[in-house]
Amino acid sequence: MAVAAQAAPRARGRSKRSTRAGRRAIGRGWVIATWVALAVFVLWTVIPFIWMILASVKTNREIYDDFTLLPKTLYFGHYVSLLGGKFGIWMRNSAEVSIAATALSITLGACGAYAITRLRFAGRRVIALGLVFTYLVPQSLLFIPLFQVVAGLGLSDTVGALILVYPTITLPFCTWLLMSYFKSIPLELEEAALIDGCNRLGVLVRIVLPLSTPALVVVCLFSFTQAWNEFLYALVITNSLATRTVTVGLTQMLGEDVFYWGQMMAGALITALPPVLMYTLAQRLVIKGLIVGGVKG
Amino acid sequence: MADTLARPLKATPGARSSTPRRVLGPEWQLGWLLVAPVVIIVSALLIYPFFDAILLSFQERFIGKTGTWVGLANYADLFSSTSSPWVKALITTLVVTGGAIASKFVIGMAMACVLNQDLPARNVLRGIMFLPWAVPAVVAAYVWRFMFDTTGPINGAIANFGLRDDYIYFFNDARLAVPALIVVIVWAGTPFWTMNFLAGMQAISQELYEAAEIDGANTWRRFLHITLPGLQPVILVTALLSTIWTSANLTPIFVLTNGGPNYATTTLPLLSYFTAIPGHQLGAGAAIAMTMVPFYLVLVLFLTRRMLRQE
């Protein structure tokens, strides 16, 4: 991200030039192809969303019998019956778990990242390596033993177990991303503060963290979204209606034979809303962060 | 990476030399204190479970019971015949992952090329294209399950234009279920590729394109000889990351087909889940998961080296 920030003015100049070059170089055929492709991509991306939104405000008659494209009136019955059920509890569980996991990841991640980037002690290289390694280990390799660990701790079927387990998904990435950001902060600032009598923790809290606000925002968003969207661990660890998170709760909403599509789409929409809103608000930061974390260079 | 990782401060306070300091580094106490929570969480909930899974795969163990050591019996069951569920799931995993990765590459590249042009409201368009990435996998899967449903828009369009007399039941037929599943995975996963490709394109020097143009290279040749080679490292890392995540992610399959029809969409992670949790056989499920480890180990080792080098 630091790299991206430094390169920003240059990149802007470059994109202006590329625009000119592009206009000069691309033939008419390619211009048409670009616009056709753009239209196809936008439709491909957007149609499922539109279909979801429309269905959530259609009556069952409109969905199952009339097959109308657009609802005649906005029908909010699906939302009403949704909130009358267990959905509210699932949303609250998801919010609790996601916020707690985010707070844990950002606090522990910042401490760990600062130690690894700035303090000299044996083992930090191994730890840095281990973090990347563990970030890449997929959850489907771990859910069976984790199920046992959680049972061993007596936490089966609790929201607390998810708060404990979700940092394993978010923490390595958070630490990794903060490490690359902390490295970009000039050492001189910290040296000056240390000479003035500030201790290490003071430097971290008063200098490094305030300078890292963009990275902290990205880390927050990532942790929250990852935890909110998580499915497998929640499916395996929780199994009663009161402890489900909303992603697992959605899968419990289908009846035996009849599909409640209206209610399901209303639920899907509400479930998608928090991560989508957050992402929209901080879109540029998120994309930069993702690129730094995943593919750098 | 070793020497750039932690540049030491010049003003190290209280530099008093004692034996632990020399062995463990000058700031080992605070350093270890700060990394301890990360190390403990990662060790207890990632590294320990991993080794526990290895041990578990050699046991016959049911949920809530103690295990008995059975050696390689769990593995022997998996490889018992060429038509065993494991072999079938392996093939499905390869087909689904391969199909999805190839499609994501092509669509992601085309999307990035389009979004890299001088378009009006380019940032808004990018924002829209990246939306599927932010949506929970469960939501994406349910929305698409509805899209493919008999009451959904695809069957609606078919009926409306009189293309067929009957509905298409996408998830009742193995020949349709696998491609439909790939469509959903591609829809949700392509934005990640597009984002990375776009970022990679920004880093390619514009002078190269200008020089190629003077030499008379057309748009397609410039793409082939400048853009593609320039993106090569990005393509490699993106493909590896996406291969890990696509092959390991059972969420879309769980929601769309639940592995059916007749196990046609059961991938290895899903087979592992079915065996261990609904099937209560933790040992056998762990063995299935363990058979994926060599594959992931190669990918992860390679990626770790690359990501640290780029650092």
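Mentor: Start with the ground rules. This is a predicted model, where local features need pLDDT of at least 70, side-chain atom pairs count only at pLDDT 80 or more, and totals for chains, interfaces and linings use all residues. Residues are numbered from 1 along each chain as its sequence is written, while chains are lettered from A and ligands numbered from 1 in the order in which they are written.

Now the domains. Chain B is assigned domain 1 (50–80 + 281–311) and domain 2 (94–268); such bounds come from an automatic or database domain assignment. Their C-alpha centres are 30 Å apart. Seven residues of domain 1 of chain B and six of domain 2 of chain B take part in the contact. Contact here requires C-beta atoms, placed from the backbone, within 7 Å.

Look at the domain 1 side. Helix 15 (residues 293–310) of chain B supplies its largest share, five residues. Helices are DSSP runs (H or I, at least four residues), strands are E runs of at least two, and both are numbered from the N terminus. By class, that side has six nonpolar, no polar and one charged residues. Nonpolar covers Ala, Val, Leu, Ile, Met, Phe, Trp, Tyr, Cys and Pro; charged covers Asp, Glu, Lys and Arg; the others, Gly among them, are polar.

Next, one residue of chain B. B:Thr243 sits in helix 11 (residues 219–248) of chain B. Setting aside neighbours within four places in sequence, B:Thr243 contacts B:Thr97, B:Ile101 and B:Leu299. B:Thr97 is 146 residues from B:Thr243 in sequence, yet 6.7 Å away in space, C-alpha to C-alpha. B:Thr243 is partly exposed because 19 other C-beta atoms lie within 10 Å. Buried takes 20 or more other C-beta atoms within 10 Å, exposed takes 12 or fewer, and partly exposed is in between, with C-beta atoms placed from the backbone.

Step back to the packing. The largest nonpolar core has 164 residues. Such a core is a set of buried Ala, Val, Leu, Ile, Met, Phe, Trp, Tyr and Cys residues joined through C-beta atoms within 7 Å. Helix 9 (residues 174–202) of chain B gives the largest share of this core, 15 residues. Both domains of chain B contribute residues, so the core lies between them. Among the residues with the most contacts inside the core are B:Tyr142 and A:Ala268. B:Tyr142 touches A:Leu250, A:Met264, A:Ala268 and B:Val255, not counting residues up to four places away in sequence.

Finally, some backbone geometry in chain B. Most residues other than glycine have a negative phi, and most peptide bonds are trans. B:Gly260 and B:Pro261 are joined by a cis peptide bond, with omega about -10 degrees. B:Pro261 lies in the loop between helix 12 (251–256) and helix 13 (268–276) of chain B. B:Asn262 is in the loop between helix 12 and helix 13 of chain B. B:Asn262 has a positive phi of about 50 degrees, although it is not a glycine. B:Asn262 is exposed, with 11 other C-beta atoms within 10 Å.

Note on methods
Two residues are in contact if their C-beta atoms, placed from the backbone, lie within 7 Å.
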